[in-house]
Amino acid sequence: MRTPMLPAPPLSAITGAEVFVKYENLQVTNSFKERGALVKLASLSADERRRGVIAMSAGNHAQAVALHASRLGIPATIVMPETTPFVKVAATRSHGATVVLDGETLSEAQARAEAIQAAEDRVWVHPYDDLHVMAGQGTIACEMLEDVPDLDILVVPIGGGGLIGGNAVAAKAVRPGIEVIGVEAALYPSMWNALHNETRPIGGPTLAEGIAVKIVGKATLPVVREHVSAVVLASESDLERAVNLYLTRQKTMAEGAGAAGLAAMLAEPERFRGRKVGLILCGGNIDPRILASIMVRELERESRIASIRVTIHDRPGVLGHVAALIGRLGANILAVEHRRYFLDTPAKGTKLDVTVEVRDGAHLHEILAALEAEGLPAVRIETAGQLG
């Protein structure tokens with residue numbers, strides 16, 4: 001599908017750049033991966049199609065290969081880790097592929113896939129380290145520059161390098177002066193290490209699991225080295241904020257990897273300010289529970305939701321007094337928890353943890369001051385979301 005490329009005035013106002021977004025989250029499987037999978041599958045000979053294909057993936061690549069193999073009448077087997085969320089397994093099966101669940105990790109799943117490939121003589125469809133796949137992904141940049149020919153910068157997420165490799169080649173061919181910037185999750189600086197000959201630690205739980213790759217492609221690295229001017233490392237808080245901004249400001253869904261381009265702009269705003277920037281929203285497959293958590297954490301960062309700890313006398317009526325005071329000041333109480341057993345609390349006292357919804361930081365300080373004036377010492381509880 002040729003997806004829309006649209007201006008993003010809210011994101012432009014936030015970043016100080018002129019931002020345009022390519023909505024690859026509107027593909028059938030909600031990810032750009034369909035492009036590379038289709039080009040690879042369409043390139044197969046009649047004999048290769050008869051033999052069938054095999055792929056290893058825990059997410060978007062699996063669904064893309066399954067969908068287009070079914071369309072082209074090619075038997076497809078996808079090996080997925082046993083830990084893959086059921087919804088992704090079900091989606092892959094729904095497109096007609098045979099799904100094999102094996103191993104706890106992608107590397108273990110890959111070992112099983114290699115065994116099947118050797119036994120059944122199937123054709124590998126690699127998620128990124130394949131020139132046909134890279135070429136397919138590069139059609140994104142061709143479309144972007146047809147729609148907005150004078151882009152100054154193209155920002156592309158990096159996992160194994162297939163997306164940025166294909167798009168860097170295409171973008172430079174169409175507009176030689178364009179600057180291509182890559183972005184990795186800071187926890188997975190694989191391409192950064194390869195380009196800078198460094199050994200930064202790689203691993204850990206990241207929101208951008210779609211680009212959480214430990215080893216970059218052999219075919220992609222030289223392309224990135226030649227055509228990409230810089231790689232930005234995005235923190236987890238930048239990635240969370242980017243996902244939230246796409247949802248709340250652009251009214252669209254982005255997974256962590258899909259929002260990585262915007263996260264790069266938040267991480268290094270001076271690099272992009274005043275320039276015309278193209279972002280690839282490369283995927284929208286995010287767990288609704290994770291999305292809900294991100295939204296709450298962003299409200300905490302913006303001091304619109306906060307937890308406060310109030311020291312009170314443990315006697316009837318005090319809790320009602322605290323609640324009434326907070327209500328009169330226009331805040332909404334979301335949760336209350338008594339903590340009677342802290343050693344720093346008098347035997348006849350208690351600590352009260354109250355989570356409140358407020359207008360902003362100033363409103364929160366007004367509530368804290370009012371509680372203090374009533375002889376109820378109160379402090380904000382610093383949370384991971386607020387600190388991040």
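This is a predicted model: local features need pLDDT of at least 70, side-chain atom pairs count only at pLDDT 80 or more; totals for chains, interfaces and linings use all residues.

Q: What covers the buried residues of helix 8?
A: The cover includes two helices, helix 7 and helix 10 (220-227). It also includes strand 7 (153-157), strand 8 (179-185) and strand 10 (276-281).

Q: How many residues does helix 8 have, and how far does it reach?
A: Helix 8 runs over residues 162-174, which is 13 residues. From first C-alpha to last it reaches 18 Å. That is close to the 18 Å expected at 1.5 Å a residue.

Q: Helix 10 came up. Where is T220 found?
A: T220 is in helix 10.

Q: Buried or exposed?
A: T220 is buried, at 0% relative accessibility.

Q: Which backbone oxygen does the side chain of T220 reach?
A: That of G160, at 2.8 Å.

Q: And what is T220 in contact with, leaving aside neighbours within four places in sequence?
A: Y128, D129, M134, G160, G161, G162 and M191. One of these, G162, is also among the buried residues of helix 8.

Q: How many bridges join strand 2 to strand 10?
A: Six, and the two strands run parallel. Strand 2 covers residues 18-23.

Q: Which residue is the bridge partner of E18 there?
A: K276, in strand 10.

Q: How many bridges join strand 3 to strand 6?
A: Two. Strand 3 (residues 53-56) runs parallel to strand 6. I54 stands opposite W124 in strand 6.

Q: Now charges. How many salt bridges does the count come to?
A: It comes to 23. The general idea is that side chains of opposite charge can pair when their charged atoms come close.

Q: Let's take D147. What does it form a salt bridge with?
A: With R2. The closest N and O atoms are 2.9 Å apart. D147 lies in helix 7 (residues 131-147) and R2 in the segment before strand 1 (5-7), so the pair ties together parts that are 145 residues apart in sequence.

Q: How accessible are D147 and R2?
A: D147 is partly exposed, at 36% relative accessibility. R2 is partly exposed too, with a relative accessible area of 42%.

Q: What about R51 and D121, how do their side chains meet?
A: In a salt bridge, 3.2 Å from N to O. R51 sits in helix 3 (residues 46-51) and D121 in the loop between helix 6 (106-120) and strand 6 (123-124), so this pair ties together parts that are 70 residues apart in sequence.

Q: And the accessibility of R51 and D121?
A: R51 has a relative accessible area of 22%, which counts as partly exposed. D121 is partly exposed at 43%.

Q: Which residue does R122 form a salt bridge with?
A: E120, with the closest N and O atoms 2.7 Å apart. R122 is buried, with a relative accessible area of 12%. E120 is partly exposed, at 43% relative accessibility.

Q: Which residues do salt bridges with shared partners join into one network?
A: K22, E24, R35 and E143.

Q: Last topic, helix 12. How many of its eight residues are buried?
A: Seven, and helix 12 (residues 260-267) is mostly covered. The buried ones are A260, G261, L262, A263, A264, M265 and L266.

Key:
Residues are numbered from 1 along each chain as its sequence is written. Side-chain values use heavy atoms; hydrogens and water are left out. A salt bridge is a side-chain nitrogen of Lys or Arg within 4 Å of a carboxyl oxygen of Asp or Glu. Helices (H or I, at least four residues) and strands (E, at least two) are DSSP runs, numbered from the N terminus. Buried means under 20% relative accessible area, exposed over 50%, partly exposed in between (1.4 Å probe, protein chains only). The expected span of a helix is 1.5 Å times one less than its number of residues. Contact means heavy atoms within 4.5 Å. Two strands pair if DSSP finds at least two bridges between them. A polar contact is a pair of N or O atoms within 3.5 Å; within protein, one must be able to donate a hydrogen and the other to accept it, and residues adjacent in sequence count only if both atoms are side-chain atoms.
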